[in-house]
Amino acid sequence: MTDKIKIGVCVMEKKVSSAPMVQILERLQAFGEFEIIIFGDKVIIEDPIESWPICDCLIAFCSSGYPLQKAEMYAALRKPFLVNELQPQHLLHDRRKVYEQLEVFGVPVPNYALVNREYPYQELEYFIEEEDYVEVHGKRFWKPFVEKPVDGDDHSIMIYYPSSAGGGMKELFRKVGNRSSEFHPEVRRVRREGSYIYEEFMPTGGTDVKVYTVGPEYAHAEARKSPVVDGVVMRNPDGKEVRYPVLLTPGEKEIARDVCLAFCQLVCGFDLLRCEGRSYVCDVNGWSFVKNSYKYYDDAACVLRKLFLDAKAPHLSSTIPPSLPWKVKEVVQSEGLTRQGSGLIGTFGQSEELRCVIAVIRHGDRTPKQKVKLKVTEEKLLNLMLKYNGGRARAETKLKSAVQLQDLLDATRLLVPRKSRSGRESDSETEDIEHAEKLRQVKAVLEEGGHFSGIYRKVQLKPSKWVKLPKPNADCEDERPVEALMVLKYGGVLTHAGRKQAEELGRFFRNNMYPGEGTGLLRLHSTYRHDLKIYSSDEGRVQMSAAAFAKGLLDLEGQLTPILVSLVSKDSSMLDGLEDASSEMEEAKAKLHAIITSEGKTLNGNMSGGPLWMVDGAGVPDNASQLLHSLVNLTKKITAKVKLLAEEEDEKLSVTASSTVLPHYDQAKAFGKTTIDIARIAAGLPCGSESFLLMFARWKKLERDLYNERKERYDVTQIPDVYDSCKYDLLHNAHLNLEGLTELFRVAQLLADGVIPNEYGINPRQKLKIGSKIARRLLGKILIDLHNTREEAIDVAEPKSSQETTTTFPKTRKEERDQARPLNRNEDLRRTSSTSEKSIDQDDDDDRETKYRLDPKYANVRTPERHVRTRLYFTSESHIHSLMNVLRYCNLDESLQGEDSLVCNSALDHLHKTRELDYMSYIVFRMFENTEVALEDPKRFRMEMTFSRGADLSPLENHDGDAALLHQEHTLPIMGPERMQEVTSYLTLDQFERMIGPFAMPAEDFPPPTTPQAFSGYFTKSSGVLERLVNLFSFHKGSTAAAASSTNNNVKQ
């Protein structure tokens, strides 16, 4: 062609000189069909539009200092073809208008509400803020929620976290060095100086997706670590932020097209949030190019060429150049990971690759769990109950929020004078003395820690007696409570040691459970070849253990609260509760009580010559009844000593300000700490936030519950609690030098080693029955995880014919839309709350599973198809014992008669001797694929099972050099993994499924997700460029059929 098409670049020079713009303009110039005219800052800012260069096509977009209205006037005067329309760019500066426009086009956005202020700090009737939520026009947003300024150029975005996760706020901002966010644990109130959008926080697994369109039919997506996790920007050796191209679903490609058309911006970037299998647009940026991707530069230049020719030389639009007029750069792919043998069990050759890691992990070291029960008749407390239960005389009240607990504390302080001990000896009523003591304990618990947090304190008030009162001006009577049962639960908080244990175990997993000696997992995860999901029960200590573990596993930084909210999913239906096996456990405890309290221990069902673990009550010491008697006496001795310390503390508090005696302890700031509070230890005070009064209450309750002197009856179920308190004080309060504590620990340990395992079944068959009931749902989920991993691996090894057909004969747009239509605000499917509890079987439904898959055509990764699935389940002691019992004794089921146990004999013997599965104990299943074995061969997939006993108690038992270090750090080391199979054994996945299947939730309750559809990009290698150009150019031919076909082919990106 003789006359070249003139392309005007009317943007600020800083943007023109950016690397992506330079690369793409050079490619357009190289076609020989275009003349590139760069206006420059002087022309744009100073010269009148009449003197601006005349052009056929115009690239113009707003940035800092850009005269957008002036550019609009020029476009109106010269009428060039606009790549990005100018008038709609005004919308991009107001987040309210962006969301409104997206909704008009049916693009899914987060659930949101607007707070518009005419001046700073204006009070608005429709806006309400409470401790854990804000309410806008009656719409309630529970924390965590997001607060965005309506000004699109203000990038100070806040995320507010619930008190149950520790509270605080994270501020997101444009990258400063290696930071993109900061956590502020003390900030709990929202901003009021301007207008804001409030919206649900979308848990995305710690990943953000950036989408870049070039025309409505082309979209390139890249994933990066979200700033909401720890705020540390991941950079490559060149200092660039690490991003990896990922595949878009058909529904997401529809979203990209709609965003492009909604704002009339052919080159447009926007942010995509993937949550629970659906995608939402949370921001639209306008003109944006991908950085550091030569394949993308090639694509963008070709698509822009097509757009320009369509607009100004349609007769040349279908002309295909014989070759690309620039050298196509082939990016050198980075090294792949070394293949991984079994690692822990034997060696099976270099053809094995790790495919799946599933771990069930107990929480870390915690404070003893406590409960206070007392009957209350005081008017102040009864009125408080009525205040929070809606005035219903017979309704129960639960107090968890800061406001509610503060009200209770205020009332309790009035009922418990500072000098409550004076004159006590003259009080003749024992019950009154005990009641006063319990009120003092309630007051002390509520004052503990410096502020309230529902994660570790809650109060129930249950009315128990009522009186009838005549209603004024009415013939009927009204009820009023005159007595209620108050139940205060506290303690069970993850300690600094527990956080340290969990974080160190996460690092251990990173360095030992995955290929690549530590860097392997991080590379897998950063390149989106690591499918990680972390689940937790709803107990605070379990959630925080999961967050601390994730911090160590993924080498994160900062506080645990953002990590918890971003990466940990709560599932109480699977990981909480013992209700399903309550009757069997009560039966086991009754038999256990009979065995322990009998003078001569009897073993029912003793199998002569059989394994020791097959008898009833295996592990209970022969002299259990004598040990129980010693346990009671030693407990009384410790209680008396702690009582003296509590009385001494009380005397000091009666004459001195509390702050001068007890250094302030802030539970919120302690959430992320892994070190002891040195000031408290130096002052001779108990570790953590416990006072001597609460320490005495803890031991007094154990003494009272362990042995009822009036009834002369032992309660053997209290033995684990006594052992728990002994272990805690030996670990954290050794500096108090409680005489007799070491002896009590030895006696309690002997008894607890027999009691704890037998609470989950008195013999193997009962253990199997109880274990299968408690862990049924968890077992079903583990089998689903393994099944899905195998299906994905097989699909990678042998692509399905349907996928190949899709590449050659693309589906129509309607078929794609019907198959994966994105969530629309108008379809009544909106998520109601991101913080609502969800069931795991729902979460893993194909429609809800959030997956990230590398785009192999754009990722400079040698093995983009390699994919490792990790599922981490954090729970309590009950599920660890239950799962272990099913693994040990599954072969005792009638349907598996004659089968050997999944656990080898040596491991069975070792487990019998181990008995205690302490804090951070875990069971790990790893699945390997032997790629040299035929797909149909059962030996294609091999299972490996290991376990750890958790915390190593030897420093407490041996008074050696480790014990001295222990007293400095208060932290027990975690035992390494141990084999559950013989070194030469080969457990196939088929065999594992057959043995576990009878005890797992049926597979039909967990519909397996299908393998995600594979999508191809424009350019794979330079030799295939022309073929893809043919497809690209056929889009805009006149034929409707051709257009329909090409649309789907091109949108495959």
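## Burial and overall make-up

Of the protein's 1053 residues, 57% count as buried, meaning under 20% relative accessible area with a 1.4 Å probe and protein chains only; over 50% is exposed, and in between is partly exposed. This is a predicted model, in which local features need pLDDT of at least 70, side-chain atom pairs count only at pLDDT 80 or more, and totals for chains, interfaces and linings use all residues. Residues are numbered from 1 along each chain as its sequence is written, and side-chain values use heavy atoms, with hydrogens and water left out.

The protein has 35 helices and 32 strands. These are DSSP runs numbered from the N terminus: helices are H or I with at least four residues, strands are E with at least two. Among contacts with a separation of 6 or more, 75% come from residues 24 or more positions apart. A contact here is heavy atoms within 4.5 Å. The protein exposes about 43,900 Å², and carbon and sulfur atoms supply 49% of that area. Accessible areas come from the Shrake-Rupley method with a 1.4 Å probe; for residues, only the protein chains shown count as cover.

## The six-stranded sheet

An open sheet of 6 strands runs in the order β5-β13-β9-β10-β11-β12, with antiparallel pairing. Its edge strands are β5 and β12 (179-184), and each pairs on one side only. From one strand to the next, the twist averages 20°. Two strands pair if DSSP finds at least two bridges between them.

Strand β13 (residues 196-200) has 5 of its 5 residues buried, so the rest of the structure largely encloses it. With β5, strand β13 pairs in the antiparallel sense over 4 bridges. Y112 stands opposite E199 of β13. Strand β9 (residues 145-149) pairs with β13 over 5 bridges, again in the antiparallel sense. There, K148 has I197 of β13 as its bridge partner. Further along, 4 bridges join β10 (residues 157-160) to β11 (residues 169-176), and these run antiparallel. I157 stands opposite L172 in β11.

A second open sheet is described here: 4 strands in the order β20-β23-β22-β21, with antiparallel pairing. β20 (369-376) and β21 (397-399) stand at the edges with a single partner strand each, so one side of each has no neighbour in the sheet. On average, neighbouring strands are turned by 25° against each other, direction ignored. Axes are lines fitted to C-alpha atoms, for helices over the stretch in contact; angles run from 0 to 180 degrees between N-to-C directions. β20 and β23 (residues 477-491) run antiparallel and are joined by 8 bridges. L374 has M486 of β23 as its bridge partner.

Helix α8 (residues 379-388) packs on this sheet, touching β20, β21, β22 (457-470) and β23; its direction makes about 95° with that of β23. L381, L382, L384, M385 and L386 of α8 are buried. Their cover includes β20, β21, α9 (402-415), α10 (430-447), β22 and β23. Just after α8, G390 takes a positive phi of about 80°.

## Aromatic pairs

A search of the whole structure finds 26 aromatic pairs. Rings of Phe, Tyr and Trp (its six-membered ring) pair if their centres lie within 6.5 Å; planes under 30 degrees apart are stacked, over 60 edge-to-face, the rest tilted. Y99 and Y112 form an edge-to-face pair, 4.8 Å centre to centre with 65° between the planes. Y99 lies in helix α5 (residues 95-104) and Y112 in strand β5 (residues 112-115), so the pair ties together parts 13 residues apart in sequence. Y99 is buried at 2% relative accessibility. Y112 is buried too, at 10%.

The Y707 and Y714 rings have centres 4.7 Å apart and planes at 40°, so this pair is tilted. Y714 is partly exposed, at 22% relative accessibility. Elsewhere, ring pairs link F61, Y218, W287, F289, Y294, Y296 and Y297 into a cluster.

## Charges over rings

R117 lies over the face of F127, 5.5 Å from the ring centre. K939 lies over the face of Y986, at 5.5 Å from the ring centre. The criterion is NZ of Lys or CZ of Arg within 6 Å of the ring centre and within 35 degrees of the ring normal.

## Q501

Q501 lies in helix α11 (residues 496-512). Q501 is buried, with a relative accessible area of 2%. Not counting residues up to four places away in sequence, Q501 touches G364, D365, Y919, M920, A951, T971, L972 and I974.
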